[in-house]
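Please open the model in your viewer and keep the selection tool at hand.

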Amino acid sequence: MIIALDGPAASGKGTLARRLAAHYGVPHLDTGLLYRGVAAALIASGHALDDEMAGVAAAAALDLSALDRDRLSTHAIGEAASRVAVLPAVRNALLDAQRRFASQPGGAVIDGRDIGTFVCPQADVKFFVTANLEERARRRTREIRSRGQHAVIDDVRLDLERRDARDAERADAPMKMADDAHLLDTTDLDIETAFKRAVDIVDRFRDR
Ligand code: CDP
């Protein structure tokens, strides 16, 4: 069983994906970490974020099992990741690893922006997880502050808005809800309620 989750930044899809993976006992891939890993490698080696050749090399050198969520989860690396993510050759260099992960025998939970539409159009259950901009800005600000870093909600809101636009408007595999995805708007839902709704939908598929 492949469960695909897509949606904008700070929508809650990552938390939901981790909960679903634990609940069904299947591995989880946060594909945002791949783009974050490429961005971090480019920054560390002093390359520009639009250097496509260096991006492809960094993508080829990524070790999926060694991606350090803590190191890669900063707001700044998320911003850099969305710049790297517009480069078709970089997206292409990350494609095989994502598809291989998704098609492992016991199934997988995989989240990102283009999973239900492009990486795994054959996924069994697809979710498009979203929340309004104000709520997402509140969540991301809280998250940054919980790591002891400084955040101003007006700046975070602007960053998210810019990043969403970049992700939705890029030519190659833009962020988009798949026609057969379930829309999960978490603006007024806590994680427990969102999780229960998702489990109901997945269980309905499993009972078929
Ligand atoms: O955690 P957050 O929602 O802020 O971002 P993320 O899921 O870690 O993704 C970071 C960036 O990587 C996104 O803004 C996208 O530009 C890019 N990305 C993508 O293009 N395709 C994916 N499947 C996953 C992430």
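How are H3 and H6 oriented to each other, and why? Select helix H3 (residues 52–61) and helix H6 (residues 88–102); helices here are DSSP runs of H or I with at least four residues, numbered from the N terminus. Their axes come within 8 Å and cross at roughly 10 degrees, where axes are lines fitted to C-alpha atoms over the stretch in contact and angles run from 0 to 180 degrees between N-to-C directions. H3 and H6 are therefore roughly parallel to each other, a term for angles under 35 degrees.

This is a predicted model, in which local features need pLDDT of at least 70 and side-chain atom pairs count only at pLDDT 80 or more, while totals for chains, interfaces and linings use all residues. Residues are numbered from 1 along each chain as its sequence is written, and side-chain values use heavy atoms, with hydrogens and water left out.

Now show the side chains where Glu52, Gly55, Val56 and Ala59 of H3 meet Pro88, Ala89, Val90, Ala93 and Leu94 of H6, contact meaning heavy atoms within 4.5 Å.

On the H2 side, select Val38, Ala41 and Leu42, and on the H3 side Ala54, Gly55, Ala58 and Ala59, which together make the contact.

Then move to helix H8 (residues 133–146) and helix H9 (residues 153–169), whose axes come within 9 Å and cross at roughly 120 degrees. Among the residues that meet here are Arg136 and Arg140 in H8, and Glu161 and Asp164 in H9.

Finally, select Arg19, which lies over the face of Phe195 at 4.1 Å from the ring centre; a charge sits over a ring if NZ of Lys or CZ of Arg is within 6 Å of the ring centre and within 35 degrees of the ring normal. At Arg99, the charged end sits over the ring of Phe118, 5.4 Å from its centre.

Definitions and conventions: Helices (H or I, at least four residues) and strands (E, at least two) are DSSP runs, numbered from the N terminus. Angles under 35 degrees count as roughly parallel, over 145 as roughly antiparallel, 65 to 115 as roughly perpendicular and the rest as oblique.
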